[in-house]
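Morning, everyone. I'll take you through one model today, starting with its charged pairs. Have the sequence and the structure open while I talk.

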Amino acid sequence: MTGSLAARLVFRRTSPASRFIPRREVSLPAAEKTKDAIAPPKEFPAFDYSPLAYSGPNGDEILAKRREFLSPSILHSYKTPLNVVEGKRQYLFDDKGRRYVDAFGGIATVCCGHCHPDVVAAIVEQTKRLQHSTVLYLNHAIADFAQALASKLPGNLKVAFFTNSGTEANELAILMARLYTGSHDIISLRNSYHGNGGGTMGATAQSIWKFNVIQSGVHHAVNPDPYRGIFGSDGEKYVRDVQEIINFGTSGNVAAFISEAIQGVGGIVEMAPGYLPAAYDIVRRAGGVCIADEVQCGVARTGSHFWGFEAHGVVPDIVTIAKSIGNGLPLGAVVTTPEIAKALTRRSYFNTFGGNPVCTAAGLAVLRVIEKEKLQENAFEVGSYLKDRLNTLKDKYEIIGDVRGQGMLLGVELVTDRQLKTPAPTETLHAMDQMKELGVLIGKGGYYGNVFRITPPLCFTKEDADFLVDAMDYTFSRM
């Protein structure tokens with residue numbers, strides 16, 4: 001099937017950035033009518049809510065303003081961009097009142113659900129009382145949130161510094177590691193993404209996210225990718241590269257090793273079993289600290305654990321957090337030990353908006369909602385169910401090369417040849433567009449732009465999962 005499909009596709013030369021947006025020049029074959037044709041999803045999952053009437057500008061007007069007044073680096077998804085005007089729980093509504101199943105969650109960011117009443121109430125109440133002052137004055141919101149966040153982390157990880165994003169958190173973590181150890185070299189993994197700042201761009205290891213500017217002191221180890229990696233699922237073989245980098249690329253001492261437990265932007269890539277504990281041991285013997293980037297895989301998203309690193313039986317020295325912890329507000333954090341935290345006292349380090357009372361009040365509300373509504377348990381139960389259903393599609397369609405991930409952090413990699421694992425970015429864009437027309441929104445990632453990123457709010461239900469898979473089934477049946 002895939003060979004004939006690829007032969008009939010029309011490809012045109014595009015720039016690297018085009019991997020992330022749909023192109024109109026893709027031409028795909030019409031569906032072949034068979035007696036086994038799959039029917040489109042019949043009805044949306046039941047949801048007792050009607051969106052508010054919308055009288056604002058339409059999509060064309062907004063797009064025109066974006067083109068004139070916003071940076072050309074800001075891209076949009078889909079051939080016909082989606083004009084989102086309202087969100088409620090796991091659903092989004094466009095300017096015409098149409099509902100969509102949101103299986104992307106604002107790029108793994110909406111945790112409790114869009115506009116969760118408890119989170120909204122915390123934001124409104126805090127905004128009425130005090131929107132912003134400075135951390136130079138006392139306020140209970142930041143202290144309460146710091147205490148609650150520390151209670152979710154193991155060991156002596158109890159001291160927080162708040163930021164506005166995951167990039168800021170990772171930048172600060174790398175700085176702290178270098179100050180604390182007195183070393184400069186950082187080891188990260190190929191295919192990783194840790195941000196787009198000066199230091200984090202260096203730690204990021206995909207050319208499509210790196211500008212040609214100075215990025216010093218970072219070494220990229222072979223990625224322990226069970227699907228595309230050269231050693232399959234043998235974590236012990238991959239980890240030898242970490243030791244060789246230390247032996248042959250550094251003075252013998254390093255500042256830090258930074259990694260995600262599941263690579264998000266890289267295409268929902270899980271680590272080979274046994275890799276992280278061995279890598280942590282090697283790095284610590286070289287005087288380095290271990291940074292767990294939990295920006296995407298943390299805050300109950302994987303279901304089995306609250307933090308992604310916990311599934312590997314490791315305890316990092318520094319943890320970086322963002323996205324889900326604010327449920328959409330600009331909130332990030334670096335949490336570490338008291339000893340490492342002292343490194344920042346050697347000079348003045350300040351963040352004007354980090355720890356803002358409105359954002360930290362929202363963060364505390366997020367933690368309480370996760371516990372009250374058992375969203376971690378739901379992420380595990382519904383995520384496992386969804387993954388099983390996706391694996392059923394893999395058995396049915398050759399274009400699906402791999403299904404992976406945990407909980408509400410799932411990936412579906414599309415290929416035109418299963419043996420060669422030839423990426424299928426054009427088919428991926430087409431399928432995303434078709435699923436959007438059916439009412440399902442998913443993301444895309446991986447270096448080749450051929451992996452569906454399925455990262456819905458943690459309140460996603462089995463009915464939502466069925467609707468998503470049925471839409472994907474119908475889409476593939478017509479390719």
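**Salt bridges, a helix pair and a surface patch**

Asp-234 has a relative accessible area of 29%, so it counts as partly exposed. Keep in mind that this is a predicted model. What does Asp-234 meet in a salt bridge? The side chain of Lys-237, at 4.0 Å from N to O. Lys-237 is partly exposed too, with a relative accessible area of 36%.

Next pair. The side chains of Asp-317 and Arg-284 form a salt bridge, 3.2 Å from N to O. This one links distant parts of the chain, 33 residues apart. Asp-317 sits in the loop between strand E10 (289–293) and strand E11 (318–321). Arg-284 belongs to helix H9, residues 275–285. Buried or exposed, which is Asp-317? Buried: its relative accessible area is 17%, and the cut-off for buried is under 20%. Arg-284, at 34% relative accessibility, counts as partly exposed.

Now a pair between two helices. Asp-470 and Arg-389 meet through their side chains in a salt bridge, again listed from N to O, at 3.2 Å. Asp-470 is in helix H14 and Arg-389 is in helix H12, so this bridge ties together parts that are 81 residues apart in sequence. Asp-470 is partly exposed at 30% relative accessible area. Arg-389 is partly exposed as well, at 23%.

There is also a network. Arg-228, Asp-402, Arg-404 and Glu-413 are joined by salt bridges that share partners. How many salt bridges does a search of the whole structure find? It finds 15.

Back to the two helices. Two packed helices are described by the angle between their axes and the distance between the axes. H12 covers residues 375–396, and H14 covers residues 462–477. Their axes come within 9 Å and cross at roughly 15°. Angles under 35 degrees count as roughly parallel, so H12 is roughly parallel to H14. The crossing of H12 past H14 is right-handed.

Last stop, the surface. Which residues make the nonpolar patch? Val-135, Leu-136, Tyr-137 and Phe-350. The patch is about 470 Å². Look at Tyr-137 in particular. Tyr-137 lies in the loop between helix H4 (117–129) and helix H5 (140–150). Why does Tyr-137 count as exposed? Because its relative accessibility is 57%, and exposed means over 50%.

That's my tour. Questions, please.

Key. Residues are numbered from 1 along each chain as its sequence is written. This is a predicted model: local features need pLDDT of at least 70, side-chain atom pairs count only at pLDDT 80 or more; totals for chains, interfaces and linings use all residues. Side-chain values use heavy atoms; hydrogens and water are left out. Patches are made of residues with over 30% relative accessible area and no salt bridge: like charges are joined within 9 Å, nonpolar side chains (Val, Leu, Ile, Met, Phe, Trp, Tyr) within 5 Å. Accessible areas come from the Shrake-Rupley method with a 1.4 Å probe; for residues, only the protein chains shown count as cover. Helices (H or I, at least four residues) and strands (E, at least two) are DSSP runs, numbered from the N terminus. Buried means under 20% relative accessible area, exposed over 50%, partly exposed in between (1.4 Å probe, protein chains only). Axes are lines fitted to C-alpha atoms, for helices over the stretch in contact, and angles run from 0 to 180 degrees between N-to-C directions. Angles under 35 degrees count as roughly parallel, over 145 as roughly antiparallel, 65 to 115 as roughly perpendicular and the rest as oblique. A crossing is left-handed if the near helix is turned anticlockwise from the far one by less than a right angle, and right-handed if clockwise.
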